[in-house]
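Dear colleague,

Please find below the structure that I am handing over to you. My notes on what was found in it follow directly after.

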Amino acid sequence: MTTGGGKAASQRAPILLASGRSWLVSSMRAVLEPEGYGLRHAASVATARHEAAVQTPAVVIIDEGLPDCSLPELCSDLLKHVLPRSVPILVYSAAIWDEAEEADALRAGAWDIIREPIRSRLLVEKLRRLIQIGRLIGAAENDARTDDDTGTMALGGFVNVLGVLGSLASRQKATIGCAVIGPTEPAVDRELLAEQRSWTAELVHRHTRGSDVAAWIGEADLAIVTYDTTIAGIKSLIRRLSSTEWAGRTATDPDGLSAGTIELDLQGLAVAGRSGMNGPAGRAPRESVAALVQIAEAQTALRSAREAGGGVRAATAP
């Protein structure tokens, strides 16, 4: 079994860089290729549109130095005509932007901004985070309602239920806790992974309340949302899950259960519930994306716990 580190997670994740500056292409390639990312380069708007259409990238990085289009214009064009909503756009500026320029880029659909000088570790971590969020959005937009193997809710239905809980919690001034749990060492073997998924789902079904909601957000990662529960209550739930069913398994057992936790923002969830996942042209609206970003932060905390050998990690609020 293996935890699947950051480099393994980035394998086969193509990054499309739209830039007219060769030095930036070389710099990005030097940073990203050793991390397992494949970098594709587009020196013009036409090439960027073609490359994005031929193979959907995991992330698009747009440089402000394109010769035939402004950065916000290309963001908007790609999102309207080429890219699914689940593909993150990261914009790059060598200059110091003012607030209006940043707002233009974000309004056009950019998810984040990086500036000169390029800081390798920060760039790689941003890409890992954006790809993770993009995958959650893509799964949610498939709008599956249940997982066939375990009977657990899938991500599309999960987002809609989150909105209902968020609206209720906002009116009652209640808190919503979230934990993303899974085996500390997810199995590589498909049969063993299926066993782990079954065990995890069984734990949750037996030891959570009827008002709690759970959904798969990865092959081995299960998100649990608990109404009117603080982070302390979430951690108590995780301890209860960890101490009951995992002991006494066979030699194929995972080495325990790990988790990432976060307290969800109620306002964002309430808006997500009103919007649902069925936005224009089948794309997730921005408010639903905001809800998924928070869950992705808890999943990132779970990944950190696994890399440290197990345990519970609190997420940093986005």
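D63 counts as buried, at 0% relative accessibility; buried here means under 20% relative accessible area, exposed means over 50%, and partly exposed lies in between, with a 1.4 Å probe and protein chains only. The residue lies in strand β3, where strands (E, at least two residues) and helices (H or I, at least four residues) are DSSP runs numbered from the N terminus. The side chain of D63 makes two polar contacts that I would draw to your attention: one of 2.7 Å with the side chain of S19, and one of 2.6 Å with the side chain of R21. A polar contact is a pair of N or O atoms within 3.5 Å; within protein, one atom must be able to donate a hydrogen and the other to accept it, and residues adjacent in sequence count only if both atoms are side-chain atoms. Not counting residues up to four places away in sequence, D63 touches A18, S19, G20, R21, L24, L71 and Y92, contact being heavy atoms within 4.5 Å.

Please note that this is a predicted model, in which local features need pLDDT of at least 70 and side-chain atom pairs count only at pLDDT 80 or more, while totals for chains, interfaces and linings use all residues. Residues are numbered from 1 along each chain as its sequence is written, and side-chain values use heavy atoms, with hydrogens and water left out.

I turn next to the sheet that contains β3. It is an open sheet of five strands in the order β2-β1-β3-β4-β5, with parallel pairing; two strands pair if DSSP finds at least two bridges between them. Because β2 (38–42) and β5 (112–115) stand at the edges with a single partner strand each, one side of each is left without a neighbour in the sheet. From one strand to the next, the twist averages 25 degrees; axes are lines fitted to C-alpha atoms, for helices over the stretch in contact, and angles run from 0 to 180 degrees between N-to-C directions. Four bridges link β1 (residues 14–18) with β3 (residues 59–63) in the parallel sense, and L17 stands opposite I61 of β3. Helix α3 (residues 45–54) lies across β1 and β2, running at about 145 degrees to β2.

In β6 (residues 176–183), eight of the eight residues are buried. This strand runs antiparallel to β8 (residues 222–227), to which six bridges join it; the bridge partner of G177 in β8 is T226. Seven bridges connect β6 with β9 (residues 257–263), also in the antiparallel sense, and G182 stands opposite S258 in β9. A hairpin of five residues joins β7 to β8. Along β7, V213 and A215 point one way and A214 and W216 the other, and all are buried. The charged end of R197 sits over the ring of W216, 4.1 Å from its centre; the criterion is NZ of Lys or CZ of Arg within 6 Å of the ring centre and within 35 degrees of the ring normal.

A220, in the loop between β7 (213–216) and β8, is buried with a relative accessible area of 9%. Leaving aside neighbours within four places in sequence, A220 is in contact with I181, G182, P183, P186, L193 and R306. T208 is found in the loop between α8 (190–207) and β7. The side chain of T208 reaches the backbone oxygen of V204 at 2.5 Å, and T208 touches I224 and L237, residues up to four places away in sequence not being counted.

Finally, there are two backbone angles to report. Most residues other than glycine have a negative phi. K173 has a positive phi, near 55 degrees; K173 lies in the loop between α7 (155–172) and β6 and counts as exposed at 76% relative accessibility. The phi of D228 is likewise positive, near 55 degrees. D228 lies in the loop between β8 and α9 (231–244) and is exposed, with a relative accessible area of 51%.

With kind regards
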